[in-house]
Amino acid sequence: MEPPPSTESIEIRATNAATGLVIALSVGLIFLGVLAILMPAVASVAFTSAIGWIALVGGVFQVVQSSQSRAFKGQGLSLGVGILYAIAGLYILFNPDKATALLALALGLLFMAEGVLTIAMAFSHRAGGSMSWFVAINGIVTLILGILAINRWPFNALWLIGLYMGISLLLSGSSLLGAALALRKERA
């Protein structure tokens with residue numbers, strides 16, 4: 001008769017199972033990131049189309065929900081918002097090039113605002129303590145990315161979102177993979 005497994009061996013098996021899933025997901029993120037970097041226009045349109053589908057489905061759900069809640073005082077407003085979401089979703093799906101250009105513009109403006117605020121936070125609040133210089137560099141890089149996005153808009157719209165999304169997916173996947181492998185090594 002075998003002795004019951006120790007708590008430590010059960011913990012190692014659970015860690016290996018959990019990190020195995022994280023490793024698989026991180027490899028998937030890395031693959032999608034590389035794919036988006038290699039085909040940024042396709043990734044941009046796919047991302048914009050996904051937003052269109054989300055808006056359309058969300059709008060339809062809201063219209064259905066508003067028709068089910070007759071006693072609700074804001075039924076007309078809820079119905080109107082649902083219709084607007086559905087129309088916006090349809091517009092995005094039927095005009096992915098224009099929607100991608102607008103999304104690239106919004107992304108550039110967002111990055112510029114985030115960069116300025118991050119730089120201000122780094123110097124005014126010493127965010128990150130001794131690492132505030134790293135926060136400032138992050139703000140500067142983000143501001144530069146925003147300026148680059150706005151500077152060449154709308155000509156860069158088709159590749160910008162896909163490239164930025166690909167870089168983000170690649171970095172997220174890589175950091176998750178590194179963390180999972182480090183945890184697995186630590187627990188072994």
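Author: Happy to! One term comes up below: a crossing is called left-handed if the near helix is turned anticlockwise from the far one by less than a right angle, and right-handed if clockwise. Please keep in mind that this is a predicted model.

First, the setting. The chain holds 6 helices and 0 strands, and along the sequence its pattern reads α-α-α-α-α-α. Of its 188 residues, 27% are buried.

Let us look at helix α3, which covers residues 75–94. With 20 residues at 1.5 Å each, α3 should span 28 Å, and this agrees with its end C-alpha atoms, which are 28 Å apart.

Now for its two sides. S78, G82, A86, G89 and I92 are the buried residues of α3. They cover an arc of only 125° around the axis, so they lie on the same side of α3. In general, an α-helix has 3.6 residues a turn, so residues three or four places apart point the same way. On the other side of α3, the exposed residues are G76, L77, L84 and F94.

Next comes a partner, helix α2, made of residues 40–68. The axes of α2 and α3 come within 7 Å and cross at roughly 155°. Angles over 145 degrees count as roughly antiparallel, which makes α2 roughly antiparallel to α3. The crossing in which α2 passes α3 is left-handed. As for the residues of this contact between α2 and α3, 13 are nonpolar, 12 are polar and none are charged.

Note on methods
Residues numbered from 1 in each chain as written. Predicted model: local features only at pLDDT ≥ 70, side-chain atom pairs only at ≥ 80, totals over all residues. Heavy atoms only, no water. Axes fitted to C-alpha atoms, helices over the stretch in contact; angles between N-to-C directions. Helix = DSSP H or I, 4+ residues; strand = E, 2+ residues; numbered from the N terminus. Parallel < 35°, antiparallel > 145°, perpendicular 65-115°, else oblique. Nonpolar A, V, L, I, M, F, W, Y, C, P; charged D, E, K, R; others polar. Expected span 1.5 Å × (residues − 1). Buried < 20%, exposed > 50% of the residue type's maximum accessible area, 1.4 Å probe, protein only. Arc of directions from axis to C-beta.
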